[in-house]
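Please look through the chain below with its confidence values in mind.

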Amino acid sequence: MRGRAARRVALCRAALRRAASCGLLLVVAACGRPLTPLAPAPLPAAAPSAPSPAGVNSRRVPTHAGPRSDGVSDDDLAALWARQLRVPVDGLRRDQVRDSYTARRDGGIHAALDLLAPRGTPVRAADDGTIGRLADGPVGGIAIYASDPEARFVYYYAHLDRLAVGVAVGRRIAKGDVIGYVGTTGNAPRDTPHLHFQVMKRAAGRAWWSGPPINPMTFFASDGADAPAPAPRIPRSVPDWSWP
Ligand SMILES: [Zn+2]
């Protein structure tokens with residue numbers, strides 16, 4: 001086990017060196033230990049080309065806020081806008097999201113948004129797609145990597161308190177599905193529960209976490225859901241009644 005741990009540390013250091021050499025140091029759980037399965041699922045094949053977003057949206061493709069990563073094209077941004085992302089935290093409106101994309105973190109930029117919400121707030125999928133990897137590491141804590149339906153983008157949800165029941169690698173998800181709950185796992189401050197939400201362009205042949213990041217700040221098309229519905233009240237005693 002000790003040899004395996006040493007190898008993992010060496011791999012992590014190598015991955016961090018590669019990330020740093022790309023100019024943007026991604027603050028992601030790249031070294032996270034997958035929950036299930038032990039090996040991350042391979043990325044699905046990329047779509048040959050994204051459909052034009054023309055006619056899909058009621059307004060023009062937003063301008064990217066902050067520096068744009070190498071390898072992210074206008075076409076990529078148009079395709080991301082066509083996905084019509086929703087704010088992935090319940091109760092959070094677009095105008096309440098603060099842009100922490102360029103915040104300085106560990107010698108690089110944050111390259112993600114921190115969406116503050118009370119611990120246990122439902123985290124919902126920002127887009128349709130497939131869950132590709134689950135992680136539980138010292139940086140991102142309990143985290144989910146998911147792709148859009150065409151595997152053009154990777155969405156990273158980190159610091160979760162826990163996963164939603166049924167979340168598993170390979171599971172197809174729909175925009176708005178509850179996939180986890182806001183928490184402080186990993187290196188998040190214990191008194192500041194939040195969702196670390198990152199969007200990356202999928203990098204062919206590379207790991208889930210190594211694609212160039214895109215600031216989703218201006219690409220949300222809908223708010224998070226209103227405050228979650230209260231849990232159904234379960235009567236203490238069930239009257240003389242049976243399931244149909
Ligand atoms: Zn963050």
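Serine 210 counts as partly exposed because it has 18 C-beta neighbours inside 10 Å; by the rule used here, a residue is buried if 20 or more other C-beta atoms lie within 10 Å of its own, exposed if 12 or fewer, and partly exposed in between, with C-beta atoms placed from the backbone. Serine 210 is placed in the loop between strand 12 (194-201) and strand 13 (213-214), where helices (H or I, at least four residues) and strands (E, at least two) are DSSP runs numbered from the N terminus. The C-alpha atoms of serine 210 and valine 154 are separated by 9.7 Å, although these two residues are 56 residues apart along the chain.

This is a predicted model, in which local features need pLDDT of at least 70 and side-chain atom pairs count only at pLDDT 80 or more, while totals for chains, interfaces and linings use all residues. Residues are numbered from 1 along each chain as its sequence is written. The pLDDT, which is the predictor's confidence in each residue from 0 to 100, has a mean of 79 over the chain, and 69% of the residues reach 70 or more. Over residues 8-40 the pLDDT is below 50, and this stretch has 62 contacts in the model beyond near neighbours in sequence, a contact being a pair of residues whose C-beta atoms, placed from the backbone, lie within 7 Å. Residues 47-55 also have pLDDT under 50, with 12 contacts in the model beyond four places in sequence. Where pLDDT is low, the predicted coordinates should not be read in detail.

The secondary structure of the chain comes to two helices and 14 strands, and buried residues make up 39% of the 244 residues. Of the contacts with a separation of 6 or more, 72% are between residues 24 or more positions apart.

Strand 12 is largely enclosed by the rest of the structure, because eight of its eight residues are buried. Both of its faces are covered, with His194, His196, Gln198 and Met200 buried on one side and Leu195, Phe197, Val199 and Lys201 buried on the other. Two strands are taken to pair if DSSP finds at least two bridges between them, and strand 12 pairs with strand 5 in the antiparallel sense over four bridges; here leucine 113 stands opposite phenylalanine 197 of strand 12. Strand 9 runs antiparallel to strand 12 and is joined to it by six bridges, with valine 154 opposite methionine 200 in strand 12. Strand 13 is likewise antiparallel to strand 12, through two bridges, and its isoleucine 214 is the bridge partner of valine 199.

In soluble globular proteins, nonpolar side chains tend to be buried together.

Two loop residues carry a positive phi without being glycine. Glutamine 84, with a phi of about 50°, lies in the loop between helix 2 (74-82) and strand 2 (85-86), and glutamine 84 counts as partly exposed because it has 17 C-beta neighbours inside 10 Å. Alanine 111, with phi near 60°, is placed in the loop between strand 4 (108-109) and strand 5 (113-116), and alanine 111 counts as buried because 26 C-beta neighbours lie inside 10 Å.

Phenylalanine 220 lies in strand 14 (residues 220-222) and counts as buried, because it has 21 C-beta neighbours inside 10 Å. Its C-alpha atom is separated by 6.8 Å from that of arginine 94, which is 126 residues apart along the chain. Beyond its neighbours within four places in sequence, phenylalanine 220 is in contact with Leu85, Arg86, Val87, Arg94 and Val97.

Methods:
Two residues are in contact if their C-beta atoms, placed from the backbone, lie within 7 Å.
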